[in-house]
Amino acid sequence: MRLIELFRTSGFRLAVAFLLVFGAAASALFLFVDWQMQSFLDQRSDEWLTREMQSLQSLPANEIVSRLSARSRDLTTTERPFSLFDQSGKLVAGVPLAFPERPIFDTPFDFADRSAAKKDHYRGLLHRRADGSSILIAQSLHEQREFRERLENATLFASLTTAILGLAGAIAVGFGAVRRLDAMSDAAAQIMKGDLKQRLPTGRAGGDIDRLAKVVNEMLDEIERLMQEVKGVCDNIAHDMRTPLTRLLGSLERARRRATNIDEYHGYIDEALDEIRGIHKTFGALLRISEVEDGLRRSGFIDIDLKAVASDAVEFFEPAADEAGIILSYQSSTDEPAIISGDPNLIFEAIANLIDNAIKFTPKGGLALVKVEGDGHHVSVTVEDTGIGIRSEDADAVLRRFYRAEKSRHTPGNGLGLSLVSAIARLHGMHLEITSPKIGTRIRLVTAPAASIAGQRAGKSYSLRM
């Protein structure tokens, strides 16, 4: 089974495919080199044969016999023999070679000499003289054949070595991939059993599998976060809904048992209705967060002016700030429109939640500032107040649904405002930053670098006016 898994791995198949491609390319190269080498050697032999024949063919017969007889006594001439045959093909002078069985005149050709005990191969040039005799000049092909044989053996050995090393490398790569897949399968099995803390192992090489594992791990991080939120929401709903439901039950019980007239009865019913409205508002906020996190509204994004939306939000909350004794102001670091792509109503709702929190948690006489900034790469909106502040250790926790810091437990609310702001920020690709200055809280929504100040995005600008 392990061997079958090895053959099925993409790494093994890719390595074998490259090995086959390399083998085919090397074979083609060897054939080309062999063909070129043989052509070059034949050409050099033909040039020598033609040159020697030209020096002999014009000589008289007796001088040719004299030269060939003298040359045949030199034992070193066996590699390049010269022979003279009569009209019947009988040797007259020179090195004793058999007359070629299939003679070709005045054109170089290959032939085998069968006169010796061992058949030798030659490349020769045969010329017929006017008297009917024939001159044969030849060059032995023994060295060429031995060289080609050694080259072929060396090539075969190199090919086998390459094939063995290539297969060994493919097996090593394949087994490495199998081990990686086994580790990932084990981690995935643990995750399926409910251990959401498990993550797929990643290596240092940063290959395709590592890239895929990182994406899956990021997905698992998000799933774990959502599961924790679901668990937290369930726990918090059970905890936070118990109090209003208890008060609702109490109001109805009192209406039934204690009401002695219609006015008392109406009073108890009004208390019950207030509790029901609070519960309805809480579930409405939860549904609103789910709608935003679903991301369906992204298709309706348009270009909006963040400055105009923030200004509208400040104008909308000015009466509430005056009533609470809070000084609410607005600033902008640029005279140009701050254009981003988004849903104007959701952006307004996010800024409105931040301003509402600033007013709610700032004591009378305090300050609340809404500021829009832009530097050509980022656009941001900041809401800063001089209220009770958020501790640094609570900066992440306050984004969870129903979370209430210790300082704000007695302040009206359901703990869903910043959760909604966080969901809207994620939908728009914005970062939510919570910092604590010396006094109060500073919450900043900043866009990704793709957003820019006006003029860099051509499109419709939208301003929400209340």
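This report describes a sheet and a pair of helices in a predicted model.

## Basis of the description

Residues are numbered from 1 along each chain as its sequence is written, and side-chain values use heavy atoms, with hydrogens and water left out. Because the model is predicted, local features need pLDDT of at least 70 and side-chain atom pairs count only at pLDDT 80 or more, while totals for chains, interfaces and linings use all residues.

## The sheet

Two strands pair if DSSP finds at least two bridges between them.

Strand 3 is joined to strand 4 (residues 120–128) by five bridges. Phenylalanine 111 stands opposite tyrosine 122 in strand 4.

## The helix pair

Helix 7 (residues 306–324) and helix 8 (residues 344–360) pack at about 30 degrees, with axes 9 Å apart; helices are DSSP runs of H or I, at least four residues. The contact (heavy atoms within 4.5 Å) includes Phe316 and Phe317 of helix 7 and Ile351 and Ile355 of helix 8. Its residues divide into 17 nonpolar, no polar and two charged, where Ala, Val, Leu, Ile, Met, Phe, Trp, Tyr, Cys and Pro count as nonpolar, Asp, Glu, Lys and Arg as charged, and the others, Gly among them, as polar.

Technical notes:
Helix = DSSP H or I, 4+ residues; strand = E, 2+ residues; numbered from the N terminus. Axes fitted to C-alpha atoms, helices over the stretch in contact; angles between N-to-C directions.
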